[in-house]
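Please open the structure in a viewer and keep the sequence at hand.

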Amino acid sequence: MPSIPAISRFPAVAPAPSSSPTATRSETGAGLFAAFCESCHPQGGHAPGAGPSLRGVVHRHSADFIRQQIRSGRGDMPGFGDRLSEEEIERLLGYLRTLEGEPTFARTPVPPDPGAVARGRALFQQRCASCHLEGGRLPGTGLGFEPPAPVLVDVVRRHTPALIARQIREGGGQMPAVGADLTEEEVADLIAYLSALAIGSEGP
């Protein structure tokens with residue numbers, strides 16, 4: 001099975017405003033989003049890019065969690081607490097509240113090999129099922145995570161296989177490196193299971 005190619009991480013920092021940011025950037029939430037967030041969350045946050053689509057993000061996460069994410073970053077996302085005032089963070093949060101609807105998905109998974117799906121399902125039960133409930137079909141609620149471990153149907157459609165492979169190997173955010181000791185073939189089998197999950201062909 002061919003190797004899963006590496007992909008770039010988020011940019012180390014978002015494009016910085018000029019040396020006189022208050023004189024050159026819009027003070028609206030939309031303007032702040034364009035200056036600090038657009039490079040990773042394109043089309044005003046409606047579409048996935050290096051980061052996910054932000055449509056409906058205020059319904060998936062608490063306002064306090066989003067504020068902290070903006071200030072300090074999380075995983076590969078940089079923090080902006082040194083460049084944004086609390087008032088500006090509130091304006092950004094106000095803009096995010098306008099992004100209604102379901103997240104825009106980047107891809108539709110291709111039906112994978114049934115043998116790889118079966119092997120991936122067994123690995124998932126060993127490595128992932130304690131946090132991603134019902135085989136990845138439900139969020140990991142009640143486990144003490146904020147936010148809960150996500151529904152993996154959404155994750156596999158929103159991100160590339162290479163990004164998912166890196167997350168399995170290296171972890172990120174609250175997720176540990178559950179696959180640091182897995183072979184490339186085993187990681188590919190896990191991704192095959194997740195792809196089948198996203199198109200409803202994974203079996204029981």
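A residue is called buried when its relative accessible area is under 20%, exposed when it is over 50%, and partly exposed in between (1.4 Å probe, protein chains only). This is a predicted model, in which local features need pLDDT of at least 70 and side-chain atom pairs count only at pLDDT 80 or more, while totals for chains, interfaces and linings use all residues. Residues are numbered from 1 along each chain as its sequence is written, and side-chain values use heavy atoms, with hydrogens and water left out.

**The whole chain**

The chain has 204 residues, of which 39% count as buried. Among contacts with a separation of 6 or more, 62% join residues 24 or more positions apart, where contact means heavy atoms within 4.5 Å.

**Helix 4 and helix 5**

Select residues 63-72, which form helix 4, and residues 86-96, which form helix 5. These two helices pack at an angle of about 120°, with their axes 10 Å apart. Axes are lines fitted to C-alpha atoms, for helices over the stretch in contact, and angles run from 0 to 180 degrees between N-to-C directions. Angles under 35 degrees count as roughly parallel, over 145 as roughly antiparallel, 65 to 115 as roughly perpendicular and the rest as oblique. Helix 4 and helix 5 are therefore oblique to each other.

Now show the side chains at this contact. Helix 4 contributes Ala-63, Ile-66, Arg-67, Ile-70 and Arg-71, which meet Glu-86, Ile-89, Glu-90, Leu-92, Leu-93 and Leu-96 of helix 5. By class, the residues of this contact are seven nonpolar, no polar and four charged. In this scheme Ala, Val, Leu, Ile, Met, Phe, Trp, Tyr, Cys and Pro count as nonpolar, Asp, Glu, Lys and Arg as charged, and the others, Gly among them, as polar.

**Arg-71**

Select Arg-71, which is in helix 4. Is this residue buried, exposed or partly exposed? Arg-71 counts as partly exposed, because its relative accessibility is 27%. Not counting residues up to four places away in sequence, Arg-71 touches Gly-79, Phe-80, Gly-81, Glu-86 and Ile-89.

**Helix 2 against helix 5**

On the side of helix 2 the contact is made by Gly-29, Ala-30, Leu-32 and Phe-33, and on the side of helix 5 by Glu-88, Arg-91, Leu-92, Tyr-95 and Leu-96.

**The largest nonpolar core**

Select Phe-124, Ile-168, Leu-190 and Leu-194. These residues have the most contacts inside the largest nonpolar core, which has 24 residues. A nonpolar core is a set of buried Ala, Val, Leu, Ile, Met, Phe, Trp, Tyr and Cys residues joined through side-chain atoms within 4.5 Å. Helix 6 (114-127), helix 8 (152-158), helix 9 (161-170) and helix 10 (184-199) each supply at least two residues of this core. The largest share, nine residues, comes from helix 10.

Next, select helix 9. Its buried residues are Ala-162, Leu-163, Ile-164, Ala-165, Arg-166 and Ile-168, and what covers them includes helix 8 and helix 10. Just after helix 9, Gly-171 takes a positive phi of about 70°.

Then select helix 6 with helix 10, whose axes come within 7 Å and cross at roughly 100°. Helix 6 and helix 10 are therefore roughly perpendicular to each other.

**Two residues with positive phi**

Most residues other than glycine have a negative phi. Select Gln-43, which is not a glycine and yet has a positive phi of about 55°. Gln-43 lies in the loop between helix 2 and helix 3 (57-60). Finally, select Glu-134, also not a glycine, with a positive phi of about 50°. Glu-134 lies in helix 7 (residues 133-136) and is exposed, with a relative accessible area of 53%.

Methods
Helices (H or I, at least four residues) and strands (E, at least two) are DSSP runs, numbered from the N terminus.
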